[in-house]
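Please keep the sequence and the structure in view while reading.

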Amino acid sequence: MVTVQSHHSNTGSLWAGRLLGLGLLLLAAVVAAVTIPELRSELAGEGTDGTLTVSSCETHTKTHYGTHRRSTELKFSCTGNWSAQEGEATYQDVVVETSSRFETGAKIPVVQVDDTFEQPQDRDPGDDAAILAFCLSLLAFGIYCLLTGFGSRNGPGFTASWQSLPARTVTGPVLGGLCALGVLAALVCALVL
């Protein structure tokens, strides 16, 4: 078996790929640092349960433009008085984003977390868990770019950079597995949770 190791005369492109890898690592760390406290709060069920008595609802439209079609999404903002289930606190003129319009006087469940008010279904951990799982893929790909210099213009291609991985028989499957695990976990979290 003959192995060919490519040497790039332009070491600047290798460093650009390594800088890309470092940027991906930093991005994954920052996104994870922001997402973890929110996910922890959602999983712990933090917040005060209460009821919003609706005084008015406004309709907002958001238009999404695609390559072949346009779609319009309806969103609602309902305002009213919120009171805790245990009678601890009440707030007036609380605004809550909802997925449907409610009639005046309707009572809907709303959770207060810090200074925000949300419906319980909007506190599902699925989206934050998916973001955190995707950070695992970013971490693996960032390490790959950092080790090989992959990802820069005029730099090594994927195959050449794979061949230049240190301890390729161990590092390659570990990084590939982490990347695949992150993507699959993100899909499962986003679609199931």
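The model is predicted, and its description can begin with strand β1, which spans residues 48–65 and pairs with strand β4, residues 107–113, in the antiparallel sense. Strand β1 is also joined to strand β2, residues 70–84, and these two strands likewise run antiparallel. Between β1 and β2 lie four residues, and the two strands form a hairpin.

| Strands | Bridges | Opposite residues |
|---|---|---|
| β1 and β4 | six bridges | Thr 51 and Pro 109 |
| β1 and β2 | 15 bridges | Ser 56 and Thr 79 |

The description now turns to the helices. Two packed helices are described by the angle between their axes and the distance between the axes. Helix α2, residues 126–148, packs against helix α4, residues 168–192, at an angle of about 160°, and their axes are 7 Å apart. Angles over 145 degrees count as roughly antiparallel, and α2 and α4 are therefore roughly antiparallel to each other. The crossing in which α2 passes α4 is left-handed.

Which residues of α2 meet α4? Among them are Ala 129, Ala 133, Phe 134, Leu 136, Ile 143 and Leu 147, while the residues they meet in α4 include Leu 175, Leu 178, Cys 179, Val 183 and Ala 186. Sorted by class, the contact of α2 with α4 has 18 nonpolar and four polar residues, and no charged residues.

Definitions and conventions: Residues are numbered from 1 along each chain as its sequence is written. This is a predicted model: local features need pLDDT of at least 70, side-chain atom pairs count only at pLDDT 80 or more; totals for chains, interfaces and linings use all residues. Side-chain values use heavy atoms; hydrogens and water are left out. Two strands pair if DSSP finds at least two bridges between them. Axes are lines fitted to C-alpha atoms, for helices over the stretch in contact, and angles run from 0 to 180 degrees between N-to-C directions. Angles under 35 degrees count as roughly parallel, over 145 as roughly antiparallel, 65 to 115 as roughly perpendicular and the rest as oblique. A crossing is left-handed if the near helix is turned anticlockwise from the far one by less than a right angle, and right-handed if clockwise. Contact means heavy atoms within 4.5 Å. Ala, Val, Leu, Ile, Met, Phe, Trp, Tyr, Cys and Pro count as nonpolar, Asp, Glu, Lys and Arg as charged, and the others, Gly among them, as polar.
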